[in-house]
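Subject: Structure handover

Hello,

Here is the structure I promised you. Please open it next to this email and follow along.

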Amino acid sequence: DSPFQEHQFQIQRLISAFKASLTPNEQILLQGYLSGWKELIKFMDALGAAFGLISRETQNKISIMEHHQRGEHGHHYRTVQSMVTFELANGLVGFQFLPEDQPPSGCRTLLRLHRALKWLELFLHKLRTSKKDGDPSQMCAEAYREALAPYHRWWVRQAVALAFLAMPSRQELYRIVSPKGEQKGQAMLLAAIGNLARVYNITQEVYASHGMLELP
Ligand code: 1PZ
């Protein structure tokens with residue numbers, strides 16, 4: 001094994017992280033959730049410099065979550081559910097506006113990652129079911145229009161559109177996902193999508209039940 005291996009994206013680690021984030025009684029452990037996201041940063045870094053902005057923004061959101069986890073009330077940030085309960089009970093969610101004098105809430109920060117997870121689920125599904133001549137740039141853009149664009153400001157949508165143009169070919173993507181060939185890759189993608197979707201759906205229910213799907 002190469003000594004650099006842990007810096008390289010491995011879809012198996014992505015699958016394991018999101019799988020491990022889900023407890024038997026459907027609590028979502030933030031540690032697993034965030035390590036899944038850290039694996040995704042490696043994926044973006046493998047795609048090249050054009051994805052730097054998106055990768056840094058992802059790291060930003062992860063850092064805010066980790067800041068909460070290290071804080072005085074860190075033990076409340078063990079699961080999505082305990083975080084929501086804690087921030088709701090203490091008026092920390094920020095339903096009206098984004099505070100300027102303190103870090104953004106865990107709830108509104110996780111919501112950004114949560115929406116992006118839907119993008120990923122859609123994109124991976126398109127990639128898995130695509131034909132040999134499928135164009136990943138287009139798959140990205142379609143998934144983006146559906147899952148994320150409605151929440152992004154104009155300049156962000158422009159920047160993201162540019163990044164999509166730099167998307168590698170389908171063949172190259174499959175090579176990153178699975179060096180062992182396309183068939184194996186499709187099976188891995190299916191497993192990844194299944195685990196992402198389960199975590200997404202539970203989070204979505206938690207957020208919906210508290211009217212938290214539109215936090216500023
Ligand atoms: C392969 C890479 C595909 C990327 C998919 C599309 C993601 C677009 C994310 C663009 C983020 C760059 C600019 C900053 C955007 C922020 O305004 C928003 C909203 O946060 P706020 O301003 O409200 O604090 N940030 C986000 O939406 C977080 C997005 C996280 C990055 C998602 C990456 C998708 C995972 C790709 C894995 C291959």
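Over the ring of which residue does the charged end of lysine 118 sit? The ring belongs to tyrosine 200, and the charged end is 4.7 Å from its centre. A charge sits over a ring if NZ of Lys or CZ of Arg is within 6 Å of the ring centre and within 35 degrees of the ring normal. Arginine 115 does this too: its charged end sits over the ring of tyrosine 151, 3.7 Å from the centre.

Some ground rules come next. This is a predicted model, so local features need pLDDT of at least 70 and side-chain atom pairs count only at pLDDT 80 or more, while totals for chains, interfaces and linings use all residues. Residues are numbered from 1 along each chain as its sequence is written, and side-chain values use heavy atoms, with hydrogens and water left out.

**Ring pairs**

Rings of Phe, Tyr and Trp (its six-membered ring) pair if their centres lie within 6.5 Å. Planes under 30 degrees apart count as stacked, over 60 as edge-to-face, and the rest as tilted. By this rule there are six aromatic pairs.

One of them joins phenylalanine 9 and phenylalanine 43. Their centres are 4.8 Å apart, with 65 degrees between the planes, and the pair is edge-to-face. It links distant parts of the chain, 34 residues apart. Phenylalanine 9 is in the segment before helix 1 (11-20), and phenylalanine 43 is in helix 2 (residues 30-47). Helices here are DSSP runs (H or I, at least four residues), numbered from the N terminus.

The cut-offs are simple: buried means under 20% relative accessible area, exposed over 50%, and partly exposed in between (1.4 Å probe, protein chains only).

Now look at tryptophan 119 and phenylalanine 164. Their ring centres are 6.3 Å apart and their planes are at 5 degrees, so this pair is stacked. Tryptophan 119 lies in helix 5 (residues 106-128) and phenylalanine 164 in helix 7 (residues 154-165), so the pair ties together parts 45 residues apart in sequence. Tryptophan 119 is buried at 15%, and phenylalanine 164 is buried at 8%. Ring pairs also link Trp119, Phe123, Tyr144 and Phe164 into a cluster.

**The ligand**

How many residues surround the ligand? The count is 21, and the closest are Glu57, Lys61, Arg108, His152 and Arg153. A residue counts as near if one of its heavy atoms lies within 4 Å.

Histidine 152 has a polar side-chain atom 2.7 Å from a ligand oxygen. For arginine 108 the distance is 2.9 Å. For arginine 112 an N or O atom of the side chain is 3.0 Å from a ligand oxygen. A polar contact is a pair of N or O atoms within 3.5 Å; within protein, one must be able to donate a hydrogen and the other to accept it, and residues adjacent in sequence count only if both atoms are side-chain atoms.

**Serine 55**

Serine 55 is in helix 3 (residues 52-70). It is buried, at 8%. Its side chain makes a polar contact of 3.1 Å with that of aspartate 45. Leaving out residues up to four places away in sequence, serine 55 touches Ile41, Met44 and Asp45. Contact means heavy atoms within 4.5 Å.

Phenylalanine 97 is in the loop between helix 4 (80-89) and helix 5. It is exposed, at 58%. Phenylalanine 97 and leucine 215 are 118 residues apart in sequence, yet 8.0 Å apart in space, C-alpha to C-alpha.

Glutamate 172 is in helix 8 (residues 170-177) and is partly exposed at 28%. Its side chain has a polar contact of 3.0 Å with that of arginine 175.

Last, the cysteines. The whole structure has zero disulfides (pairs of cysteine sulfur atoms within 2.5 Å). Cysteine 107 is buried at 0%, and cysteine 140 is buried at 0%.

Best wishes

Key. Helices (H or I, at least four residues) and strands (E, at least two) are DSSP runs, numbered from the N terminus.
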